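Dear colleague,

I am passing on the structure below, together with a short account of what was found in it. Please have it open while you read the notes that follow.

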Amino acid sequence: MAGGGCVNGRKRLRGGGDGPRGAAKRSRRGEGAEEKPSRLSAALFGEDCEISHEQVYELLNPGTACVGSHSPTQPSWCRIYHQSHLAGVVVIVLHEMSQLHFYKFYLQFKHLRRVFRHRFILPPSSANFLANLYGNEANLSPQNTARDSTFTSSQYATNSSDLQRDPIIQKYGEEKRGLTRYTLTLEELKKNDYPMKGSRGCEGYMYTGCDQQRTDSSPLFGLDCEMCLTAKGNEVTRVSLVDAQGRCLLSELVKPESPVVNYRTRFSGITRKLLLPVKTKLADIQTRLKQMLPHDAVLVGHSLNADLQALQMIHPSVIDTSLLFARNEGRRFKLKFLAKAVLGKEIQCEQKIGHDPTEDARAALELAQFFIEQGPAKVAELNLEMVLTTERLTEMSPNKSALQLQQNTVQREQNGPPQLSRSCFLDCLQKTGQKPLLLGRQEPDSSGVCQGNLSSSNKQILQQALKDVPLSTFSIVQFSLAPEHVAPHLLAGICEKVRVKLTDMLTIYAGPFDESFCLKTVKKEFGRCGPIHSLTVLTETYQPYVCIQYEVLEAAQLAVESLNGAEVAGSCIKVQRPVTGTMLDCDVLIKELELDIENEGVIYVAGLKKSLTETDLQEEFSQLKDLQALFLPRDLQSGKHRNCCFLKFLKPESAVDALQVINQWAVTGSRLRSRKALAPGHLQRWIWQMEHSNEKQRGDILRVEKEQEANFEQELRKKLKKLDQRIRKLYRRLQNNTLCVVLFPGVNRALKAEQQILPRTSCSWFELEPSAETICVADGPDYQG
């Protein structure tokens, strides 16, 4: 876990803001002159909060966080406003700590959770991550300062294990293959709701008859449809087909069978006036497509399942570009983004009314052709996740004109990827004439990983840091847990306690019900609060009760708040969480989660129709003021959307207003229910990992004396509380406009046995992979004394 942020520059009543450099700045700019505060912004939300080690290097690069420079380089994945005003950079490393510690002892970390606004997840660290960050004695020697210290992002991916972790490489390997390698298998067709012969709901669908065996020379055809919402559901209103050369073979308007409820003109481009003279029916289009497609045709499209469902046609061989450019955990890139990032083409422009299906079909076709021609390795080197993050951040920047964005694009094309520092940062800082500070140094072992005891105690390190850090432009301060606090079998016990507590927080009991109550009605009513993991009827009681376990924490809390005392299935029921020792502080924890600065401006909305897409929801919530981002969780096994989403707003007050609006909709008959967010979307990933962990190994590892375990946990709680207080003291002494980063490097590098027990995942909420790091980013010392 890690954290970083820019100080907000507000006046402080005490601390180190009036250090020597601060006085010098005032004398140069005039006494009383106020400079604009630096701040960090990152448009990452939901499951997109994962960043790479490369991006951390880039953020801390001397060329990026160049103190005192008037023309520093901006990071590609985030933005530092008023970057030239940066007074310093402080990296705090908490050795042997992971997110397991942060979320198990969440209430003890008062400072970290109340101040550090941005938190990101990193993949499991390589042996050289920390060593490259601050190097060893050899790195700092004068004879090594002349080394080449830059490399491109593509070189980084090729020369590191990051390329092997890329979901595209994991799915297809690095070797270039023919098109048949990328057509969906029967299992993938079924999993992604493609219409298939004999499938439920596909009765009466027309089969294209293209059942000839495919080869790598089979012809590709791009297909795209636009749909309107009718009384029957989504019906096709426009169809386009292009051949492998991009020539348009078919572009037709289609008259829906049922009355149109919503033309969705903003996306479809369809209007009542446009459809009025149309006589073409769906059956006509089906017949024409069947006649036009050769028997070995391969259809290409983006989320092509929706188009084929709307066309009511079955085709056995497809390439789906939303799945071809693979991402982690069922997420997908949008076609518009892929066209711009991969092909350099602008489609679905805001100036146009609605999407052009011919343009979209051609873009999907060219994307598939690019992937096949270049191969998975070249596509993975594009680092699309970083490009997406950069694009989102650019959209957030109100100060960049279209001309500036165009100039930046041209510059990127000419100069290639940004140059990133690979060697130790202290080495690079010495080259730029800045004096780095390293406190709490650990000795690296033969692998380059820092192990062993610190040369000084945490208390001594803090005392030295309070004096020296405010005087340095770049500082690395290292704290560490004692060896007895990283025992694998005891940490696994804490892991199990977190799992049990989280499960209890997601579980509610409802009842009593009448003997003849309708379970379907109960499931429907409680399902409106959010996705249900399991529902069980309890018969041990005099009257039946129902045990419901949700998939997201907000759903369970919403059920407790809205259905306790309500009449459900003909009974006035009570809704409560299980009463166990782990749940005694549940109300306190829920309240603190609501106040967590990371959840500020984020609300949870449940009761959505599962058929709604992200685009549909953006249109539905478009009237909400200052809506910044939308996150729609997916089922981690099927990849399907759940019936809930998270909305992030630019201002906290806008989130409060949105809650009132949505709740008012509920009064007028809407199915939607809403409340403040309690946790990011990564919580769902954590739950899934915990449910699929090895039960036998978990049972074996937990055979620890209860007294030993209790003493260990009590001592660790005190230790972590002190660490939080030390970070707070140091943080309050920082000058204004100081970038502060906190790293939780994890423990698995030293404790290999623990890898067999704790689930491996890369999410940032309740993450139990101890070798993963997370970055927390704060807006700086945030208090008035």
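In which hand, left-handed or right-handed, does α16 cross α17? Before the answer, please keep in mind that this is a predicted model, and that what follows was computed from it.

The helix pair

α16 passes α17 in a crossing that is left-handed. Helix α16 covers residues 335-343 and helix α17 covers residues 357-374, and the two pack with their axes 10 Å apart at an angle of about 50 degrees. Angles from 65 to 115 degrees count as roughly perpendicular and those under 35 degrees as roughly parallel, and α16 and α17 are therefore oblique to each other. On the α16 side of the contact stand L335, L338, A339, V342 and L343, which meet D360, A363, A364, E366, L367 and F370 in α17. Sorted by class, the contact of α16 with α17 holds 9 nonpolar residues and 2 charged residues, with no polar ones.

The sheet

The other part I would point you to is an open sheet of 4 strands, in which the order is β19-β20-β18-β23 and the pairing is antiparallel. Its edge strands are β19 (532-538) and β23 (574-576), each of which pairs on one side only, and from one strand to the next the twist averages 20 degrees. Strand β18, made up of residues 507-511, runs antiparallel to β23 and is joined to β23 by 3 bridges; within this pair, A510 stands opposite V575 in β23.

How values were computed
Residues are numbered from 1 along each chain as its sequence is written. This is a predicted model: local features need pLDDT of at least 70, side-chain atom pairs count only at pLDDT 80 or more; totals for chains, interfaces and linings use all residues. Side-chain values use heavy atoms; hydrogens and water are left out. Two strands pair if DSSP finds at least two bridges between them. Axes are lines fitted to C-alpha atoms, for helices over the stretch in contact, and angles run from 0 to 180 degrees between N-to-C directions. Angles under 35 degrees count as roughly parallel, over 145 as roughly antiparallel, 65 to 115 as roughly perpendicular and the rest as oblique. A crossing is left-handed if the near helix is turned anticlockwise from the far one by less than a right angle, and right-handed if clockwise. Contact means heavy atoms within 4.5 Å. Ala, Val, Leu, Ile, Met, Phe, Trp, Tyr, Cys and Pro count as nonpolar, Asp, Glu, Lys and Arg as charged, and the others, Gly among them, as polar.
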